Number of protein chains: 2
Amino acid sequence: MENEYKHIKVIGFDADDTLWVNETYFREAEAIVGGLLSRYETPNKIDQELFKMEIKNLPTYGYGIKGFTLSMVEMALEISNYEVSNEIVAKILKIGKEMLNKPVELLENVERVLTLLSKKYKLIVATKGDLLDQERKLEKSGLLKYFHHIEVLSDKKEENYIKLLNHLEIEPEHFLMIGNSLKSDVLPLINIKAKAIHVPFHTTWEHEIVKEEEKSNRKYKTLTNLEATLELLI
Amino acid sequence: MENEYKHIKVIGFDADDTLWVNETYFREAEAIVGGLLSRYETPNKIDQELFKMEIKNLPTYGYGIKGFTLSMVEMALEISNYEVSNEIVAKILKIGKEMLNKPVELLENVERVLTLLSKKYKLIVATKGDLLDQERKLEKSGLLKYFHHIEVLSDKKEENYIKLLNHLEIEPEHFLMIGNSLKSDVLPLINIKAKAIHVPFHTTWEHEIVKEEEKSNRKYKTLTNLEATLELLI
């Protein structure tokens, strides 16, 4: 293993798009909504307006599928100039429910990586989103047995991680976070003197994309898949 | 203080309708929705249908205002036979947002009770609902300083409390829960050999109401307000 990680005792994993597929389902939902509203606008414009609505509503709704569904409905009303049919609104509600009831699709080699890492480190999950939804996905995933602690956070900023590490009595220098989002799983950790490894997913929500200048001079590794962490950590 | 509570070291407080007003806002929302949909049904029927919709959606949405808003929209579509106007749907979304942005109205003497109890016991909050919403209310309440730990639970059943007490390394016999809901804050605690005090709020959501037979032979005290706990505990 690399010297850089010799002080690590606890590894935190992001969940959505790190342990299992998530963003793909949001993109699929957007494509369906684009189709439902195609008489009013182009798919591209609909995507843009939905994104704007999500960002506008984020302080009120927070992250997760329920807020996303409410934003889809609100966008449909506005983009249609309040002419969208009740049937389309009902279909949007149904998209949200289907997202909440999707089976959990693990990413490649997740179980193998967790099995090996759990022999050497204490593993935790630190994820954001709807509480019930995240708990349910962890249950469905069959991965609960690998984790000492599950924390669903309302956001993943520096202060959220500081609180979490305090609560679990973990020193930042003993903590490594692994996740797909530079903004949520990597940069805040580097800023509080913990370690982070970036394992990008093929799709990233626009809101999670970090500008080049924010990335510069940061100390973290980027790996192409979760399995590649084993070489560094075992 | 009463002998019965001599082993108590940690007191858990429910939040909604125990520390601050909550249910009142749901009842107000229902009254407004009843008005908006009055051309389709009587207020009583609308209330009933909304309740049915909430219970149907509870396994998918969980507790909290976002799920409640989605259920209001779905009920409005159905009760109007898919004829409700977009303007009314928009108003329902607005009711949900206003609920999420309401100021926090503390119940009587809450600060005094917490000040006195926090000198003798470790205090925690155990609440259910939307994560971000509950965190925001605690921030707004100004009560955070009294609590060692805040736990937002997806549900308040025996297993949720067992997990919480394990996680915080608290023995059930050292734990007392205080809350307004017999179903969520009292009976599950009695069943796991912890203590509970019931402080009813003037309004209880139908879903939280417990049948007489379930209450019989249970050991807990019911007090008319939070201040009355001081006599038993200090």
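1. Let me start in the strands of chain A. Met177(A) has Ala196(A) of β5(A) as its bridge partner. The two strands involved, β4 (residues 175-179) and β5(A), run parallel and are paired over four bridges. Do bear in mind that this is a predicted model.

2. How are the faces of β5(A), residues 195-198, covered? Both sides are: Lys195(A) and Ile197(A) are buried on one face, and Ala196(A) and His198(A) are buried on the other. Ala196(A), the partner of Met177(A), is therefore buried as well, having at least 20 other C-beta atoms within 10 Å of its own.

3. Next, please look at helix α2 of chain A, residues 43-61. It has a kink of about 30 degrees at Ile55(A), shortly before the proline Pro59(A). After the helix comes Gly62(A), with a positive phi near 75 degrees.

4. What does α2(A) pack against? Its buried residues are Ile46(A), Leu50(A), Met53(A), Glu54(A), Thr60(A) and Tyr61(A). Within chain A they pack against α1 (23-36) and α3 (65-79), and from chain B they meet α3 (65-79) and α4 (86-100). Note that a charged residue, Glu54(A), is on that buried list.

5. That brings us to the interface. On each side 26 residues take part, 26 of chain B being in contact with 26 of chain A. On the chain B side, the elements giving two or more residues are α2 (43-61), α3, α4 and α6 (131-141). By class, that side of chain B has 13 nonpolar, seven polar and six charged residues.

6. The axes of α3(A) and α4(B) are 10 Å apart, and the helices pack at an angle of about 145 degrees in a left-handed crossing. From α3(A), the contact uses Leu70(A), Val73(A), Glu74(A) and Leu77(A), while α4(B) supplies Asn86(B), Val89(B), Ala90(B) and Leu93(B). Six of these residues are nonpolar, one is polar and one is charged. The spacing along each helix makes sense, because an α-helix has 3.6 residues a turn and residues three or four places apart point the same way.

7. Finally, a residue in chain B: is Asn160(B) buried or partly exposed? Asn160(B), in helix α7 (residues 158-167), counts as partly exposed because it has 18 C-beta neighbours inside 10 Å. Leaving aside residues up to four places away in sequence, Asn160(B) touches Leu153(B) and Asp155(B). Its C-alpha atom is 15 Å from that of Ile124(B), which lies 36 residues away along the chain.

Key:
Residues numbered from 1 in each chain as written. Chains lettered and ligands numbered in written order. Predicted model: local features only at pLDDT ≥ 70, side-chain atom pairs only at ≥ 80, totals over all residues. Bend = angle between axes of the 7 residues up to and from the residue. Buried ≥ 20, exposed ≤ 12 C-beta atoms within 10 Å, placed from the backbone. Contact = placed C-beta atoms within 7 Å. Axes fitted to C-alpha atoms, helices over the stretch in contact; angles between N-to-C directions. Left-handed = near helix turned anticlockwise from the far one by under 90°. Pairing = 2+ DSSP bridges.
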